[in-house]
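This briefing concerns aromatic rings, their surroundings and the charged groups placed over them. Please look at the sequence and the structure first.

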Amino acid sequence: MLTNNPKYAISIRGLTKTYANGFQALKGIDLDVQENDFFALLGPNGAGKSTIIGIISTLVRASSGTIQVFGQNVATHVYETKLSLGIVPQEINFSQFEKVGDIVITQAGYYGLRGELAKQRAEKYLRKLDLWEKRDNRSRMLSGGMKRRLMIARALVHEPRLLILDEPTAGVDIELRRSMWEFLQELNRNGTTIILTTHYLEEAESLCRNIAIINQGQIVENTSMRKLLDKLARQTLIFDTCDELKTLPAFNDSDIQCNAIDSHSFEVSLSTSRDINGLYAALSDQGVLIKGMRNKTNRLEELFLSSLKS
Ligand code: ADP
C-alpha cells in the first residue's frame, strides 16, 4: 500500500516500462530516496536509468507503477512536482542560437518567475556556475564544459528541492568534473536533495551517501555507499574437501567467516586484501585436505567486473 510520505524525495513502487517495440526497459522498480540525500543510481549503459528519469520528469509514460515526489503522485500532480524538480538531462537541449542569459531567464518564466525576479535568479545561478561573464554570448560559443554548467544553472533557476542529473560528467574532463562535484556537494549541504545517474563507481563513491544499482531494468542492490564498498572489499572462496567434513574448520580471525555448503564443501569469506596462503595453512593444521578451490562470484561482482568499473 502506497502511503503519502513527504519525507521521501522520491518514492517509486512497481514501476515498469515497455517501449512501443515491445522492449521491457523496467521490470518492476521499487525505490525510496530520503529527503536531503545525495543518491546515486548506478548501472551500465542500457540498464534503464534514463528511462526512470524520463518517467519522473513526465517525458516518458510508465507502463505501470507509481512515482511520488515529496509525497505527491507525479501523474496526478504534474505542476506541483515540476516545481519541486530540476532535471539535467544527458543531452544538451537548449537552443544553440539563444544567448546564455536568455536561456536561463526563459526557463524562469516557465515557472512563473518574471521581470526582475527572473533576472536576479538567472544572475545568481550564472554566477554560481561561473557563466556570468558569458551571459551575452550565444550558447553555441560555449565550450562543452560550460554547456553542461549552463544545463545545471537552467535546472536550478526555480530553486527546486530535488535536482536530478543524468550522467552529469559524461565526457567532462577530470578538472571540471571535480569542480562540478564541489558545486553539487555545496548545493546538497544547503538542503537540496540530489540524485545522479552514473556508470562511474568512483563518482558515486566520492559524492553519494546512498546508492541503488540497476541492471537490465531491475534494482540489484540498494544500500549505503559504505556498505556497498565493504561488500565489494570481500571475496568468497569455495573449498571442496577430499574427505567428509565432520566439523566446520575454525579460523582464529574475526575477518574470516566460514559456512558449510554440504558434506564435502564449505565457503569462506574474507577481505580481498588478505593473503589466502594463511587459509591453507590453517586448514592443513586442522587436517582438512582440500581437493579444489574456486572463487564464488555474486551478481554484484559480475556486474562490476563486466561493465561498471570506472
Ligand atoms: P541507461 O540510461 O541506463 O543507459 P536507458 O533507460 O536509456 O538506459 O535504456 C534502457 C533500455 O531501453 C535500453 O536497452 C534502450 O535501448 C531501451 N530504450 C530506451 N529508449 C527506448 C525507446 N524509445 N524505444 C525502445 N527502446 C528504448
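Phe266 has a relative accessible area of 0% and is therefore buried (under 20% relative accessible area, where over 50% is exposed and in between is partly exposed, with a 1.4 Å probe and protein chains only). The model is predicted, so that local features need pLDDT of at least 70 and side-chain atom pairs count only at pLDDT 80 or more, while totals for chains, interfaces and linings use all residues. Residues are numbered from 1 along each chain as its sequence is written, and side-chain values use heavy atoms, with hydrogens and water left out.

**Aromatic pairs**

- The structure holds 2 aromatic pairs, a pair being rings of Phe, Tyr or Trp (its six-membered ring) with centres within 6.5 Å, stacked if the planes are under 30 degrees apart, edge-to-face if over 60 and tilted for the rest.
- Phe239 and Phe266 are stacked, at 5.3 Å centre to centre and with 15 degrees between the planes.
- Because Phe239 belongs to strand β11 (residues 234–241) and Phe266 to strand β13 (residues 265–271), this pair ties together parts that are 27 residues apart in sequence.
- Phe239, at 0% relative accessibility, is also buried, and its ring forms an edge-to-face pair with Tyr280, with centres 5.8 Å apart and planes at 80 degrees.
- Tyr280 is partly exposed at 33% relative accessible area, and ring pairs link Phe239, Phe266 and Tyr280 into a cluster.

**Charges over rings**

- The charged end of Arg161 sits over the ring of Phe70, 3.7 Å from its centre, where the criterion is NZ of Lys or CZ of Arg within 6 Å of the ring centre and within 35 degrees of the ring normal.
- Arg135 lies over the face of Trp132, at 4.0 Å from the ring centre.

Conventions
Helices (H or I, at least four residues) and strands (E, at least two) are DSSP runs, numbered from the N terminus.
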